[in-house]
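I opened this notebook to record what I looked up in one model. The entries follow in the order of my reading.

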Amino acid sequence: MNRPGRARVALLLTVVTAALLTACTGTDADPARADATPTTQPTSSPTPNSPPPPSPSPSPTASPTPSTAAEIAEAVDKWYTYGGETAMVSLIKEARNAESGRPREALELMVLDFGGLTDALSTARLMGPIPDPKTQSAWAAAIEHLDGAVREVLASVPKDGRTIQSLQETGQMLRGWSTFDEGIKSLKSAQALLNRRFGLKPSVDPWEAGV
């Protein structure tokens, strides 16, 4: 039995033309009615001589966050040294491995295996945010897009034993890989920001073939 998060599926994928794909880009779900009127709940009148409501508890004091450029640089360096580099390199490698199952032509027999990428995404989330807003924005976008891509591509696999996707399933699969591309762009952006802003980069480029 496969581990949770690991999916191997052999199927023949029908890659349709760009004109047909345009018709598949919409979603099936109808948007919620914007003109729906919420039901107003009656409010009870205060009871005479009732005691005043208790005062709200004071909010907990937030932990200090780095503010100066030197503090941010030091915090980012710690994030990278204590697991951040490993998490990023692993995510890059597993994304490259997952992409090897991407269809390149019509009716191509392929195997989808997102198990390693799913594990790498879980590790990346455990690392917590990068203490630099701009770099964190790219890093968070990479995680969100790659996770969404995995879910959408796997959801496009036929559930009834068929080995050839329907037009709708093919469109969903290609939208998933498009989201995957956005995740790769954000991942490269996060790595470039760490290098350019803080001088942090892995000793071996994880994007190089054979690494």
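Accessible areas are taken from the Shrake-Rupley method with a 1.4 Å probe, and for residues only the protein chains shown count as cover. On that basis I noted an accessible surface of about 13,500 Å² for the chain, of which 56% belongs to carbon and sulfur atoms.

Basis. I record that this is a predicted model, in which local features need pLDDT of at least 70, side-chain atom pairs count only at pLDDT 80 or more, and totals for chains, interfaces and linings use all residues. Residues are numbered from 1 along each chain as its sequence is written, and side-chain values use heavy atoms, with hydrogens and water left out.

Overview. I looked up the secondary structure and found 5 helices and 2 strands, where helices (H or I, at least four residues) and strands (E, at least two) are DSSP runs numbered from the N terminus. Their order along the sequence is β-α-α-β-α-α-α. Of the 211 residues, 31% are buried; buried means under 20% relative accessible area, exposed over 50%, and partly exposed in between (1.4 Å probe, protein chains only). Contact means heavy atoms within 4.5 Å. Among contacts between residues at least 6 apart in sequence, 78% join residues at least 24 apart.

Helix 2 with helix 3. I next asked at what angle the axes of helix 2 and helix 3 cross. Helix 2 (residues 69-99) and helix 3 (residues 115-126) cross at roughly 160 degrees, and their axes come within 8 Å. Axes are lines fitted to C-alpha atoms, for helices over the stretch in contact, and angles run from 0 to 180 degrees between N-to-C directions. The crossing angle therefore makes helix 2 roughly antiparallel to helix 3 (under 35 degrees counts as roughly parallel, over 145 as roughly antiparallel, 65 to 115 as roughly perpendicular, the rest as oblique). On the helix 2 side I listed A87, S90, L91, E94, A95 and A98, and on the helix 3 side G116, L117, A120, L121, T123 and A124.

Helix 2 with helix 5. Helix 5 (residues 167-198) packs on helix 2 at about 150 degrees, with the axes 11 Å apart. The two helices are therefore roughly antiparallel to each other. Among the residues in this contact I noted W79, Y80 and L91 of helix 2, and W177, F180 and D181 of helix 5.

R151. I located R151 in helix 4 (residues 133-155). R151 is exposed, at a relative accessible area of 57%. R151 and G176 lie 25 residues apart in sequence and 7.8 Å apart in space, C-alpha to C-alpha.
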